[in-house]
Amino acid sequence: MTAVLKFFFLALFLSSGAVNAEDSSLTIPHNTNGKDVLIKMTQAMKTLNYQGTVAFLKNGRLEPMKYFHAVEKGVEQERLLSLNSPLREIVRDADRVSCLFKARHQLIVDHRPFERSFLIDIPANLDALDAIYNITVVGEEDVAMLPALVIAIQPKDNFRYARKIWVEKQHFLPLKVLVYNLANEAIEQLVFTELQLKETLPLVDVKFLNAVNPPPPVHPLPIQKSDQANFVLANLPQGFQELFFTRKPIHNSDEQVDHLLMSDGFASVSVYMENKNAASQPELYGQGSVQSIGTVNFISRTLGDFEFTVMGEVPAETVKLIADGIKLRDLKN
Amino acid sequence: MNEELNQKISQFLDNELDHDEALSLLQKMQSRSELINTKNRYEAISHAIKSDVFLAVDPAFSAKISEAIQQEPTYLLSRNKKPVRRPSPKLLALAASVAVVAVLATQNMNNPAERVKTSSILQLAQRPIAEQQIAKQSPIKQPSQSVVNTHKTEPYPLNARINDYLQAHDNSVYTHGEVNAEPMTRVTAYSQE
């Protein structure tokens, strides 16, 4: 009798182990590559018509929105409808973003050539990230009642944050994105609560967004070469590359501001340079020390007659390292 | 010698000894127990003579009382006063912090409109950095998103500058429900000629 019981418990133990093994490996093919999944996801995001409800969680604020992605003859359009105040409709046509605030009938148009999606931007060449990120499939979970592969994007150093992306298994659409700080705490999240694939979805003409105060015509952002910048960056963490450089007025004045945007594929950092303003009170900003606004870290410093600010959703050490390495360019040479 | 002492004991009981002699006798009685027994015996005889009722007293009775008194603990410190502890600065700081939180929480509870607000990026950007630093140095660690003070403050010029930088940096102004649209118009200006 004892031998029978032993055999029973042994069989029970082995069978439970077999089930666990099945959960972790059998349902995920051994050859499933995290980068392949992300490539398929990028393609699906561009080519499929889909809509759903997505919640953005950042800085303790939850923002639920209706999301639409429509494609017609290769032309993409992304649209967001806020469910809570302030009610607004945001449309992305290529690099042009229009935002209508419904209460005031105010339309704001922005030109953002360096972004492609409100959900997540995946770099075109994922192999180039091998030196700085490990991209692996770490499991399967259901999100919005849809089975999804969990892709972990784990940095190999402490200059950037880790991410996880939940990719729907059938059509490879992103269902959930999480960003973790160095303490492995989630600092930013977007998650679909429902997602539907559609045969077709109409493209919305922004002209019909019925704005009482239409904005002036938008001109493309003049992208310039960064060698025109009056500064160089001596300390740049591995993998960060220039996305664009521009010199334009940013504030409500004619004052020119240099803006260099860099990215390592997932994390982005901006460096701003403008003339030192005598009226400003830099001491209030604790120059030389890293400040935080929500998940964004930034640091300001003065160099010669210029004020520099480095900011990004990266660890404090990263913005400090970049700021410490700013040097004025010797334009004579 | 004993006769003389017995005589003095008798005089002592009759209150006939002067002060110095009585004191000398009591000192001797403390050192010689047989004198105490004599005094007790004389006392009993005297009581019997003076009254009709005689109560036989256990010779050891008074000794037991004395012994019990001797065994009573002696309290060198006042039992009524509790020792006064001086609170440490940390405890004082903690108490002050709890009080501040209680006051702020009460104010929030009393103002539902304020209670549901959390500070947005833009609102945070519009707070003077000095204020943010003070908030950071507060003994109560609060995540930046749970800053209670959502009242608008007069932004410094640099504050607006950081705000503009934030919006030029990424598109979260659209997706994360920043309620203050004014700075967005600057974004429009940023991307237009």
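Residues count from 1 along each chain as its sequence is written, and chains are lettered from A in the order in which they are written. Because the model is predicted, local features need pLDDT of at least 70 and side-chain atom pairs count only at pLDDT 80 or more, while totals for chains, interfaces and linings use all residues.

**Exercise 1.** Work out where A:Ser226 sits, and whether it is buried, partly exposed or exposed.

*Solution.* 
- Start with the chain: A:Ser226 lies in the loop between β11 (186-198) and β12 (231-233) of chain A. Strands are DSSP runs of E, at least two residues long, numbered from the N terminus.
- Next, recall the cut-offs: buried takes 20 or more other C-beta atoms within 10 Å, exposed 12 or fewer, and partly exposed falls in between, with C-beta atoms placed from the backbone.
- Now apply them: A:Ser226 is partly exposed because it has 19 C-beta neighbours inside 10 Å.
- Finally, look across the sequence: A:Phe244 is 18 residues away, yet its C-alpha is 7.4 Å from that of A:Ser226.

**Exercise 2.** Find the residues with the most contacts inside the largest nonpolar core, then follow A:Met41.

*Solution.* 
- A nonpolar core joins buried Ala, Val, Leu, Ile, Met, Phe, Trp, Tyr and Cys residues through C-beta atoms within 7 Å.
- The largest one has 74 residues, and A:Met41, A:Ile151, A:Val167, A:Val269, A:Val271, A:Val310 and A:Val319 have the most contacts inside it.
- Strand β8 (residues 146-155) of chain A gives the most to this core, with 5 residues.
- Beyond four places in sequence, the contacts of A:Met41 (C-beta atoms, placed from the backbone, within 7 Å) include A:Ile122, A:Val167 and A:Phe172.

Note on methods
Helices (H or I, at least four residues) and strands (E, at least two) are DSSP runs, numbered from the N terminus. Two residues are in contact if their C-beta atoms, placed from the backbone, lie within 7 Å.
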